[in-house]
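Colleague: I would like to learn how to read a model of a protein chain, one feature at a time. Could you take me through this one slowly?

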Amino acid sequence: MKRFVRLRKIISLCLAAFVLALAAGESAYASELPYDTYNYDYREYIHFTPAPYVPAGTVKGTDLTWNGEPIGRFVTPQDLCKDADGSIYVADTGNNRIVVLNRDMTKVLNVITTFDNNGVEDTFKQPYGVAVSEKNLIYVADSQNNRVVVLDQDGKLVQIVANPQSESLEDGYVFVPLKVVVDYADRIYVIAQNMFEGIMVFESNGTFSSFFGTIEVEISLWEKFWKRLASKEERAKQVLFIPTEFTGIDIDPDGFVYASNIDPKGVQGVRRLNPRGEDVIKKGENKNVGGDLWIQGTSDYSGPSQFTDVVYRGNGIYSCLDRKRGRIFTYDHEGNLLYIFGGLGTQTGTFSMPVAVEDIGGMIVVLDATRGEIICFSETEYGRLINEAVSLRYDGDEAEAVALWQRVLELDENNELANTGIGKAYLTAGDYVQAMKYLKLGMSRDHYSVAYRRYRNAMLTANASYFLTGILVLIVVLTVVKKIRKKKKGGSIDA
């Protein structure tokens, strides 16, 4: 017996030492990260989370060669994108070239600096944006040449889009394209400098057709009132109420355009525009898709986030890049904030001037204009579990996602989204008691109300026969009592 007790104590000590070693390892690993990883709860309080992504290396132009010669460092690059095969295209703005890398970004596939333009060797001048269509055509926002250049994969000229003509454009308007994407119908969407009317849309033949997704500026009654009372000089000093410019753009397979913008209120830094240009984005429980939650008039986080780019990652998931603090905010199709990572700094895995973000086979890459580098991040188990669970839910497989959400809760017990995901699965399965339990933990008021209403209706339906029988018995009893009383009253009169 004593030997058994001693053996049990030894096993317990070994297990305790193992757990402490794991905890120490995780703590040491977390301390090595050059940035905080966190999220916000329903009350908008910060809670720190396991890292969804960790630094996985840096790609520099000085480490790459083309035709046996180093291509040299990237100079103020401004954009990057991928094609259907996963090849990476970098708009190396300061070097006036487009650099094409393989999927692993270890090999240069092409460097486009010149192209034949009707027998004349033409060049780029500060190419600011780049995109690849489903037909593998390369679209370059050749900003200082005031045009969009369309090339094939061999670098041969296909088309030039320039000098847009329309009655809606001001006389003398100078076209300076900054960002470009192309949809499945080869319509070209361009973010142009000093264009506040919205995204410019060109047909496949290069003809300007319309503006798209104009951001309306709301003016309060108070501001209108004071504007009427102000003198001409005072009005000149007041803030101009002009629409906000878009900063980044991407498009999903269904033709919905995701466009980032700078929102001074920190509420909506990204829009999801349908083919009619209407914003149909969902904002989640906090009604916010603007990055760090920030209350205007306070010193919290010294102002709202400033989204400079957005990438659609599939299954309703999209990520936005905040140039103000160098953070990446990822949302699902319902506008729920999934996770936050990244930061400004000089350490590996931080940024100086982040300008573009892309998803390459599950790896997140960020282009840093100041350093001229591509910083890569790989997903951790925590990030993978959330991505897979959200993808399953997007496809309608709520039940399949439960096991993933439960594993997320093991890693992050305060994850409200995981509780909500489990609660919704129970709600779909008809287990309203369990649904209410998890939805309450997930602080999902809307879905909790649905679960409670269905539970109440189910209880009423299940017990309807008892209620009806009770009512019938009560009616019979009341009828009998009434007759007895009437009979007794009649008998007393006869007496």
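Colleague: Is valine 355 buried or exposed?

Modeller: The general idea is a cut-off on relative accessible area, where buried means under 20%, exposed means over 50% and partly exposed lies in between, using a 1.4 Å probe and protein chains only. Valine 355 has a relative accessibility of 8%, and therefore counts as buried. Bear in mind that this is a predicted model, in which local features need pLDDT of at least 70 and side-chain atom pairs count only at pLDDT 80 or more, while totals for chains, interfaces and linings use all residues. Residues are numbered from 1 along each chain as its sequence is written, and side-chain values use heavy atoms, with hydrogens and water left out.

Colleague: Where does valine 355 lie, and which residues does valine 355 touch?

Modeller: Helices (H or I, at least four residues) and strands (E, at least two) are DSSP runs numbered from the N terminus, and valine 355 lies in strand S27, which covers residues 354-360. Contact means heavy atoms within 4.5 Å; when residues up to four places away in sequence are not counted, valine 355 touches Pro77, Gln78, Lys179, Thr308, Asp309, Leu321, Leu367 and Ala369. As for proline 77, it is 278 residues from valine 355 along the chain, yet their C-alpha atoms are separated by 8.3 Å.

Colleague: What does glutamate 373 show when it is read in this way?

Modeller: Glutamate 373 has a relative accessible area of 13%, so it is buried, and it is found in strand S29, residues 373-379. Leaving aside neighbours within four places in sequence, glutamate 373 is in contact with Thr58, Val59, Lys60, Val366, Leu367 and Asp368.

Colleague: How should I read the length of a helix such as H4?

Modeller: The expected span of a helix is 1.5 Å times one less than its number of residues. Helix H4 (residues 381-394) has 14 residues and should therefore span 20 Å, which agrees with its end C-alpha atoms being 20 Å apart. Several residues of H4 are buried, among them Tyr382, Leu385, Ile386 and Ala389. An α-helix has 3.6 residues a turn, so residues three or four places apart point the same way. After H4 comes glycine 396, whose phi is positive, near 90°.

Colleague: How do the axes of H6 and H7 cross?

Modeller: Axes are lines fitted to C-alpha atoms, for helices over the stretch in contact, and angles run from 0 to 180 degrees between N-to-C directions. The axes of H6 (residues 416-429) and H7 (residues 432-441) come within 7 Å and cross at roughly 165°. Angles under 35 degrees count as roughly parallel, over 145 as roughly antiparallel, 65 to 115 as roughly perpendicular and the rest as oblique, and H6 is therefore roughly antiparallel to H7. The contact includes Ile422 and Tyr426 of H6, together with Tyr438 and Leu439 of H7.

Colleague: Which residues of H7 and H8 meet?

Modeller: The axes of H7 and helix H8 (residues 445-462) come within 9 Å and cross at roughly 160°, so H7 is roughly antiparallel to H8. Among the residues that meet are Tyr432, Met436 and Leu439 in H7, and Tyr448, Ala451 and Tyr455 in H8. Arginine 456 also has its place in H8, and with 40% relative accessibility it counts as partly exposed.
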